[in-house]
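Thanks for coming. I will go through one structure, helix by helix and then ring by ring. Please have a look at it first.

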Amino acid sequence: MSREWTVNAALALALLAAAIAAEAAGQVFYITLATRIAILGLAATGLNLALGLGGLVSFGHAVFFGIGGYAAGILGSHAFSGDPMIFGLEGSNSMPLIWLVAALAAAVAGVVIGVISIRTSGVYFIMITLAFAQMLYYFAISWPAYGGEDGLSIFVRNAFPGVNTMKPLSFFLICFGALMAGIAILAVLRGSRFGSALDVVRQNEVRAAAVGINPFPVKLTAFVLSAMITAVAGALYADLNRFVSPSMMSWHMSGELIVLIILGGTGRLFGPMAGAALFVLIEHNLGELTERWQFFLGLILLVTVLFARGGVLGFLAGKVRHG
């Protein structure tokens, strides 16, 4: 077993053990922190597919996070009230169904955004994805049927078959399982022919085209799959807080996801989870000491970018080995 896989397994077991230990000690708050790490790690894993493997620096991925959140909020609120949705459709409090709706809605949005933005590159791609995210952010603010700027409450956490989702540890295990599934999907894609094609396109599109690989559909597929994974994380995040608001779509959220990847290790399978853990721990521990904890986060990010570009995983597991 390689050193990186040993570190990956240790990180996953540490997160799981922390939640179980918190349950044994009756510390519900720390279970919530572990759940937040798992959800943010899943959201960043989605972005890592586009950014880490595909080189697509999307500054609008929060829109997919928000789509997932609103899927959970809208379906759950209609299931609670019994009121029909548009076209007479009924709501639902089933998490698997909500995840499916969230993923499909994000896929549609991903195709629309991707078809336009992927035709550009560099700073133009960054700004177009940001523009789309801001458009939907302001749409959510001006959507009074679902709370507008005040957001939408989810009165009862949505259900998962055979599990009491109101128990903190049970909900954590659902989120942890989703994180592991997201990482597994990323691992399968990275090791597939599609992953090889995506890696070639990321390195040099001209050479990829010369050997018969059309960069556009490869990048679009990665972008859409990335959006779908992030949307599922958004649905879980809404259930965690039992609340969804336009802030989930803001550019701050997009920037936070990029920070998680940089801190953990760009392109690393468990990098987003490591980055999420570091981010949440910094926020919790330094946030108790000062309101300006973001200043210290900025310093850590600066040091990471300048001296440890492999992030936490690069520091613990060393450089990536190819072949």
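When I say helix, I mean a DSSP run of H or I with at least four residues; strands are E runs of at least two, and both are numbered from the N terminus. The expected span of a helix is 1.5 Å times one less than its number of residues. A word on the origin: this is a predicted model, in which local features need pLDDT of at least 70 and side-chain atom pairs count only at pLDDT 80 or more, while totals for chains, interfaces and linings use all residues. Residues are numbered from 1 along each chain as its sequence is written, and side-chain values use heavy atoms, with hydrogens and water left out.

Start with helix H1, residues 3–25. From its first C-alpha to its last, H1 reaches 32 Å, close to the 33 Å expected for 23 residues. Buried, here, is under 20% relative accessible area, exposed is over 50%, and partly exposed is in between, with a 1.4 Å probe and protein chains only. The buried residues of H1 are Glu4, Val7, Asn8, Ala12, Leu15, Ala19 and Ala22. What do the buried residues of H1 pack against? They pack against helix H2 (28–53), H6, helix H11 (271–287) and helix H13 (311–317), where contact means heavy atoms within 4.5 Å. After H1 comes Gly26, with a positive phi near 75 degrees.

Next, helix H4, residues 95–117. Its 23 residues should span 33 Å at 1.5 Å a residue, and the end C-alpha atoms are 31 Å apart, which agrees. Buried residues in H4 include Met95, Trp99, Gly110 and Ser117. Among the elements covering the buried residues of H4 are helix H3 (62–81), helix H5 (122–141), helix H6 (168–191) and helix H9 (215–241). Leu97 is also in H4, but counts as partly exposed because its relative accessibility is 40%. The C-alpha atoms of Leu97 and Glu288 are separated by 38 Å, and the two residues are 191 apart along the chain.

Now the rings. Rings of Phe, Tyr and Trp (its six-membered ring) pair if their centres lie within 6.5 Å; planes under 30 degrees apart are stacked, over 60 edge-to-face, and the rest tilted. How many aromatic pairs does this rule give? The count comes to 14. One of them is Phe125 with Phe223: the centres are 6.2 Å apart and the planes at 80 degrees, so the pair is edge-to-face. This pair links distant parts of the chain, with Phe125 in helix H5 and Phe223 in helix H9, 98 residues apart. Phe125 is buried at 3% relative accessibility, and Phe223 is buried at 1%. Tyr137 and Tyr138 are also edge-to-face, because their centres are 4.9 Å apart and their planes at 70 degrees. Ring pairs also link Tyr70, Phe139, Trp143 and Tyr146 into a cluster.

The charged end of Arg119 is over Phe216, 4.7 Å from the ring centre. For Arg157 over Phe171, the distance is 4.3 Å.

Last, Ser254, in helix H10 (residues 251–264). Ser254 is buried, with a relative accessible area of 1%. Its side chain reaches the backbone nitrogen of Ala62 at 3.0 Å. Leaving out residues up to four places away in sequence, Ser254 touches Phe59, Gly60, His61 and Ala62.

Key. A charge sits over a ring if NZ of Lys or CZ of Arg is within 6 Å of the ring centre and within 35 degrees of the ring normal. A polar contact is a pair of N or O atoms within 3.5 Å; within protein, one must be able to donate a hydrogen and the other to accept it, and residues adjacent in sequence count only if both atoms are side-chain atoms.
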